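I opened the model to go through its sheet, helix packing and charged pairs. My entries follow.

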Amino acid sequence: MILDQLIDFYWYHIRNLKRHERKLIKYQGFGDRSIIKFKRESGLGWKTISKILDSIKILDGLELRNHIRAIYNSNKELFDDPNTYVTHFGPIGKSGAFIVNQFLRCFPGKGRMIIANSNSELSKLPADSSIIFLDDFIGTGKQGLDYVRQVSPSLNSSIKPYLFTICGTQEGIELINGFGSNFKISAQVILSKEKDHLLDPSNEILEDKEKQMIKNLNNLIGIENKNKYHLGLPFAFYYSAPDNSLGILWSDNNKYKINDIERKWYGLIPREY
């Protein structure tokens, strides 16, 4: 017990893993969460924890709005066209609506562009106009592709649709592009398998045995079975972690058993807070 405490002290204070709390505090649900408690709960070694902490990216509010401004500046002619309209990507209540709200905070004079995202409203768009869908993240691309299939029939063939996201994976973007719709898609930040998909075979940040230990934990707390979009990304926005993020980070209070003893998982950046 004392030895464990000394090891924890060494990694947290001497190796200065506590510095990561300055990054983690950006996440609204982090609060008074403990890196040491997360380590003890997971049973992962400190070297593995250190690699995960080094890899975590939390995109804060200022960064989010700067990316929105960059999207606008890169497509200024399109956004300033009076025949261009803006709406959220995905159902109402999802993160796309939040990004539209943030867009209006950045550009309050663009309120006239915003339309409701419904099949009836989309079908009323004037001929030869453009519609920009805004979202925060494209992961596997499966949910995005489902939504493109859903809204495409409501768009007149002369309508030019765009999907602009803050972040995305190359694979997800390629999946949607491969559908052959008229959507033009771009993401400000591209997450790659080699650098960001911690559990992917091509990613060399974690060793194979470390990846397997994390997959075992994901199975233990139900991530592999319940989340078909899991990619193992050490990534979150300040307000939430996407489905594709590393499950052991955002899962919290998931019940599981070890030696017939029921326990609850302790997440470092819980989605529900």
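**Sheet and helices**

I started with helix H7 (residues 95-106), which lies across E2, strand E3 (130-138) and E4 and runs at about 115° to E3. Contact here means heavy atoms within 4.5 Å. Axes are lines fitted to C-alpha atoms, for helices over the stretch in contact, and angles run from 0 to 180 degrees between N-to-C directions. Helices (H or I, at least four residues) and strands (E, at least two) are DSSP runs, numbered from the N terminus.

I noted the ground rules. This is a predicted model, where local features need pLDDT of at least 70, side-chain atom pairs count only at pLDDT 80 or more, and totals for chains, interfaces and linings use all residues. Residues are numbered from 1 along each chain as its sequence is written, and side-chain values use heavy atoms, with hydrogens and water left out.

Next I looked up the strand order. The open sheet has four strands, E2-E3-E4-E5, with parallel pairing. Strands E2 (84-88) and E5 (184-191) are the edges, each pairing on one side only. From one strand to the next, the twist averages 20°. Two strands pair if DSSP finds at least two bridges between them.

I then checked E4 (residues 160-169) against E5: seven parallel bridges. Threonine 165 has alanine 187 in E5 as its bridge partner. Helix H5 (residues 61-74) packs on the sheet and touches E4 and E5, its direction making about 145° with that of E4.

**H1 against H4**

How do the axes of H1 and H4 cross? Helix H1 (residues 2-14) and helix H4 (residues 46-55) have axes that come within 11 Å and cross at roughly 25°. The two are therefore roughly parallel to each other (angles under 35 degrees count as such). I listed the contact: Ile7, Asp8 and Trp11 in H1 meet Trp46, Lys47 and Ser50 in H4. These residues divide into three nonpolar, one polar and two charged. Ala, Val, Leu, Ile, Met, Phe, Trp, Tyr, Cys and Pro count as nonpolar, Asp, Glu, Lys and Arg as charged, and the others, Gly among them, as polar.

**Salt bridges**

I found 13 salt bridges (a side-chain nitrogen of Lys or Arg within 4 Å of a carboxyl oxygen of Asp or Glu). One joins arginine 19 to aspartate 54, with the closest N and O atoms 3.3 Å apart. This pair links distant parts of the chain, 35 residues apart: arginine 19 sits in the loop between H1 and helix H2 (21-24), aspartate 54 in helix H4.

Last, I checked E7 (residues 255-258) and E8 (residues 261-264), which run antiparallel and share four bridges. Lysine 257 has glutamate 262 in E8 as its bridge partner.

Conventions. Parallel < 35°, antiparallel > 145°, perpendicular 65-115°, else oblique.
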